[in-house]
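Please look through the following structure with its sheet in mind, and then turn to the surroundings of its ligand.

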Amino acid sequence: MTEQIVILGFAGSLRRDSYNKALLHAASELVPKDAKLEIFGLEGIPPFNQDLEDHMPEKVKNFKAKIKAADALLIATPEHNYSVPEFSRMRLIGLLDLMMITLLRENLSL
Ligand SMILES: Cc1cc2nc3c(=O)[nH]c(=O)nc-3n(C[C@H](O)[C@H](O)[C@H](O)COP(=O)(O)O)c2cc1C
């Protein structure tokens with residue numbers, strides 16, 4: 001049996017009735033049988049702050065673990081003023097910072 005492909009999806013909108021969240025839920029019903037789309041809500045994730053590196057909030061730890069375990073990411077984000085909204089941009093850049101620190105620590109045994 002082949003292993004299931006894990007896709008982690010999150011939306012760049014916190015709005016309760018967000019169309020982007022709805023799109024992710026619709027996509028989760030359309031993925032092939034050998035894949036699953038897990039949706040992660042970003043509510044409560046603070047902006048990246050290096051001071052929190054050694055005592056990250058549980059939600060951030062959970063998010064990191066899920067990203068590491070995923071084979072792919074699916075990001076649904078609205079457009080604001082012809083660009084990516086600040087919330088999505090901050091989350092994506094924060095995510096890159098977070099993952100870079102994790103990779104550096106693992107590879108340099110810091
Ligand atoms: C401040 C602001 C700027 C927006 N700018 C754009 C835009 O440039 N282009 C566009 O197509 N929609 C724009 N929209 C509409 C949003 O993309 C739309 O409301 C979207 O559904 C919001 O995503 P959500 O439903 O996931 O919360 C803007 C909405 C807001 C509040």
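**The sheet and the ligand shell**

Leucine 8 stands opposite leucine 73 in strand 3. Residues are numbered from 1 along each chain as its sequence is written. The model is a predicted one, in which local features need pLDDT of at least 70 and side-chain atom pairs count only at pLDDT 80 or more, while totals for chains, interfaces and linings use all residues.

Strands here are DSSP runs of E with at least two residues, and helices are runs of H or I with at least four residues, both numbered from the N terminus. Two strands pair if DSSP finds at least two bridges between them. Strand 1, residues 5–11, runs parallel to strand 3 and is joined to that strand by five bridges. Five bridges also join strand 1 to strand 2, again in parallel, and isoleucine 7 has leucine 37 of strand 2 as its bridge partner.

Together, three strands form an open sheet in the order 2-1-3, with parallel pairing. Strand 2 (35–39) and strand 3 (72–76) are at the edges with a single partner strand each, so one side of each has no neighbour in the sheet. Strand 1, helix 1 (residues 19–28) and strand 2 make a right-handed β-α-β unit; right-handed means that, with the strands pointing away from the viewer, the path from the first strand over the helix to the second runs clockwise.

The ligand is surrounded by residues including Ser13, Arg15, Tyr19, Glu79 and His80, where a residue is near if its C-beta atom, placed from the backbone, lies within 6 Å. By class, this shell has three nonpolar, five polar and two charged residues; Ala, Val, Leu, Ile, Met, Phe, Trp, Tyr, Cys and Pro count as nonpolar, Asp, Glu, Lys and Arg as charged, and the others, Gly among them, as polar.
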